[in-house]
Amino acid sequence: MIIRFVTSSSHKLTEARRLVGRQLEHLDLDLPEIQARTIDQIVLDKLELASSRVSGGAVVVEDVGLGLDAAGGFPGPYVKWLLDLAGGEALGAFARGLGANEATATCVVGIAIDGQREIFEGKIRGTIAVEPRGSNGFGWDPWFVPEGSDRTFGEMSSGEKDRVSHRAQAWKKLADYLRSR
């Protein structure tokens, strides 16, 4: 079965291929992203758009969020725009300004296959570092310290990150689903 992962991020593609343990065909479609309160809503909308443009096989999409507890989960699904507009420094400054750096990282992976849609969520707790640390990974990896660690994702090897990340949890759930079919 052909599984097409719709993403414009080479970093996400590399991680997904590593996590699923099977070849994913890359499909770089320019999908508009709705502004929604939850990552689930965004992923379901992306799935609808992607599957309407692709015939045959399965289509997979993904979205992530990083929410600060003290801000009611903000920026959550808007973290990408925060980073694009103001950089990671704004994320650190925002946490410092709130006086609390506890956060939750969430990844939702969705698949459209045989006319059905399924979503899989991975979620981990952690904190936002005062300053970025490490050069591995991408996005907010140098800022996020997962619970139980004293290192950011940016300081971890890909194998270490894959054992604990929100993305790993979601993609492993998808892999289990595919094996059960």
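Buried here means under 20% relative accessible area, exposed means over 50%, and partly exposed is whatever falls in between, using a 1.4 Å probe and protein chains only. These close-ups come from a predicted model, where local features need pLDDT of at least 70, side-chain atom pairs count only at pLDDT 80 or more, and totals for chains, interfaces and linings use all residues. Residues are numbered from 1 along each chain as its sequence is written, and side-chain values use heavy atoms, with hydrogens and water left out.

View 1. F74, Y78, W81 and F94 form one aromatic cluster. K80 sits over the face of W81, 5.4 Å from the ring centre; to qualify, NZ of Lys or CZ of Arg must be within 6 Å of the ring centre and within 35 degrees of the ring normal. Look also at the peptide bond from F74 to P75, which is cis, with omega near 5°. P75 itself belongs to strand 4 (residues 75-76); strands (E, at least two residues) and helices (H or I, at least four) are DSSP runs numbered from the N terminus.

View 2. How many aromatic pairs does the structure hold? There are seven. F5 and W171 have ring centres 5.0 Å apart and planes at 75°, so they make an edge-to-face pair. F5 is in strand 1 (residues 3-6) and W171 in helix 6 (residues 166-180), so this pair ties together parts 166 residues apart in sequence. Both F5 and W171 are buried. Y78 and W81 give a tilted pair, because their ring centres are 6.4 Å apart and their planes stand at 50°. For the pair labels, rings of Phe, Tyr and Trp (its six-membered ring) need centres within 6.5 Å; planes under 30 degrees apart are stacked, over 60 edge-to-face, and the rest tilted.

**View 3. Strand 1 and its two partners.** I3 and F5 point one way from strand 1, R4 and V6 point the other way, and all are buried. Strand 1 runs parallel to strand 3 (residues 58-68), joined by three bridges, and F5 stands opposite V60 in strand 3. Strand 1 also pairs with strand 2 (residues 25-27), again in the parallel sense and over three bridges; strands pair if DSSP finds at least two bridges between them. Here R4 stands opposite E25 in strand 2. From strand 1 the chain passes through helix 1 (residues 10-20) to strand 2, and this β-α-β crossover is right-handed, meaning that, with the strands pointing away from the viewer, the path from the first strand over the helix to the second runs clockwise.

**View 4. V60 in its surroundings.** V60 is in strand 3 and is buried, with a relative accessible area of 0%. Neighbours within four places in sequence aside, V60 is in contact with I3, R4, F5, V6, V109, G110, I111, W171 and L174, where contact means heavy atoms within 4.5 Å.

View 5. T104 lies in strand 5 (residues 102-113) and is buried at a relative accessible area of 16%. The T104 side chain makes a polar contact with the R125 side chain at 2.7 Å. Such a contact is a pair of N or O atoms within 3.5 Å; within protein, one must be able to donate a hydrogen and the other to accept it, and residues adjacent in sequence count only if both atoms are side-chain atoms. T106, also in strand 5, is buried with a relative accessible area of 9%. Not counting residues up to four places away in sequence, T106 touches, among others, I39, D63, E121 and H166.

View 6. F153 lies in the loop between strand 7 (144-146) and helix 5 (158-164). Is F153 buried or exposed? Buried, at 1% relative accessibility. Leaving aside neighbours within four places in sequence, contacts of F153 include I124, F144, P146 and H166. D114 sits in the loop between strand 5 and strand 6 (116-128) and is exposed, with a relative accessible area of 62%. D114 has a positive phi of about 50° although it is not a glycine. For background, most residues other than glycine have a negative phi, and most peptide bonds are trans.
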